[in-house]
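Take a walk through this fold, one element at a time. Keep the model open as you read.

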Amino acid sequence: MMTFGDKRLHIQEVSTRDGFQIEPQFIPTDDKVALIDALSRAGLAKIEVTSFSSPRAIPALADAEQVMQRIARVPGVEYSALVPNVRGCARALQADVDEINVVMSASESHNRANLRMDCEQSLTGIREIAALARGRVHLNVSISTAFGCPFEGDIDSARVMDLIERFRQIGIKRISLCDTTGVANPAQVHRLCGKALAACPDIAFTAHFHDTRAMGLANALAALDAGIVRFDASLGGLGGCPFAPGASGNVCTEDMVHMFNAMGYKTGVDLQRLLELARSLPALVGHDVPGQVMKAGPSSRRYPLQEPQLGSGLVCEPAASVEQAPDSRVAQSSRS
Ligand SMILES: [Zn+2]
């Protein structure tokens with residue numbers, strides 16, 4: 001049963017990594033820095049700034065070092081970066097990130113497609129990265145395709161639980177459960193998140209959903225109900241996965257904040273500021289973005305009620321019929 005309350009929720013922004021990585025047009029470094037700086041001042045708990053991947057693999061994020069160097073860090077905000085391997089980890093440490101996010105898939109085929117290695121090789125890499133990062137920065141492991149794989153279909157929750165246990169043995173304290181291609185449903189999310197939290201109360205779990213099939217916010221609520229308090233989201237709903245056919249954007253940050261705020265949860269995020277930033281995205285990326293509240297405005301928005309003046313032309317019918325049924329005319333004219 002869902003409970004509502006004043007729990008503090010951590011909203012973690014991923015647009016400048018998960019979103020920008022698949023943009024066909026290179027976003028200029030100046031624009032990335034400006035957006036991250038603005039996001040930093042919006043009250044987000046964490047920002048996944050970039051990825052220290054091979055510039056050949058992800059040319060959109062080839063400026064990872066410059067971006068990290070030039071952003072103005074706001075105290076209290078964590079600055080994270082994704083690393084695909086040990087080499088990326090060394091670069092991220094050099095760039096003085098607060099957190100390293102290393103990714104591996106629950107499914108063998110997605111891991112091969114995304115990282116060009118099998119899961120055992122990934123686990124070996126994560127052990128090496130953990131040894132490098134220990135005592136220096138936080139380490140988060142993102143389990144991609146935790147709820148389903150575009151190549152293999154359903155992922156047994158026992159497989160995910162086994163991975164979580166192996167990460168725990170390595171000393172990992174932060175784990176993201178990622179629905180990389182937006183196939184999870186709320187019942188499944190509730191079950192897996194509940195199991196993970198019950199088995200590992202010492203681990204900080206993040207829920208990372210893509211809204212590919214319009215279940216993103218419902219999944220976030222299911223995760224919240226299971227006890228998750230950390231959520232990844234992407235401004236404007238930007239994002240996708242270059243190696244997962246049909247993947248689309250992450251759950252939209254401002255839509256998620258709008259929902260949580262309206263329900264009475266504390267996110268610490270300035271919704272108005274986020275909405276302004278989201279509205280600047282289409283010009284930045286050169287296309288429309290899926291966010292909805294940025295278009296409709298928050299639910300608290302009130303429209304000026306224009307009292308119809310009889311015969312002023314506000315109503316379409318002749319004045320005579322307005323006199324007969326004024327109420328229905330008013331309702332019709334305000335609905336359009
Ligand atoms: Zn993602």
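Helix α5, residues 108-115, lies across β4 and β5 (138-144). The helix runs at about 125° to β4. This is a predicted model. Another helix, α8 (residues 186-199), lies across β6 (174-179) and β7 (204-209). Its angle to β7 is about 165°.

Now turn to the strands. They form a closed barrel of 8 strands, in the order β1-β2-β3-β4-β5-β6-β7-β8, with parallel pairing. On average, neighbouring strands of this sheet are turned by 25° against each other, direction ignored. Strands of a sheet pair through backbone hydrogen bonds, either parallel or antiparallel. Here β3 and β4 pair in the parallel sense, over 4 bridges. Look for Ala81: its bridge partner in β4 is Ile100.

Next comes α4, residues 86-94. Which residues of this helix are buried? They are Gly88, Cys89 and Ala92. Seen down the axis of α4, the buried residues fall within an arc of 105°, so they line one face of the helix. What covers them includes β3 (78-83), β4 (99-105) and α6 (119-133). Just after α4, Asp96 takes a positive phi of about 65°.

A word on confidence. The protein chain averages a pLDDT of 90, and 88% of the residues score at least 70. Over residues 319-336, however, the pLDDT is below 50. Beyond near neighbours in sequence, that stretch has 12 contacts in the model.

Definitions and conventions:
Residues are numbered from 1 along each chain as its sequence is written. This is a predicted model: local features need pLDDT of at least 70, side-chain atom pairs count only at pLDDT 80 or more; totals for chains, interfaces and linings use all residues. pLDDT is the predictor's confidence in each residue, from 0 to 100. Two residues are in contact if their C-beta atoms, placed from the backbone, lie within 7 Å. A residue is buried if 20 or more other C-beta atoms lie within 10 Å of its own, exposed if 12 or fewer, and partly exposed in between; C-beta atoms are placed from the backbone. Helices (H or I, at least four residues) and strands (E, at least two) are DSSP runs, numbered from the N terminus. The arc is that of the directions from the helix axis to the C-beta atoms. Two strands pair if DSSP finds at least two bridges between them. Axes are lines fitted to C-alpha atoms, for helices over the stretch in contact, and angles run from 0 to 180 degrees between N-to-C directions.
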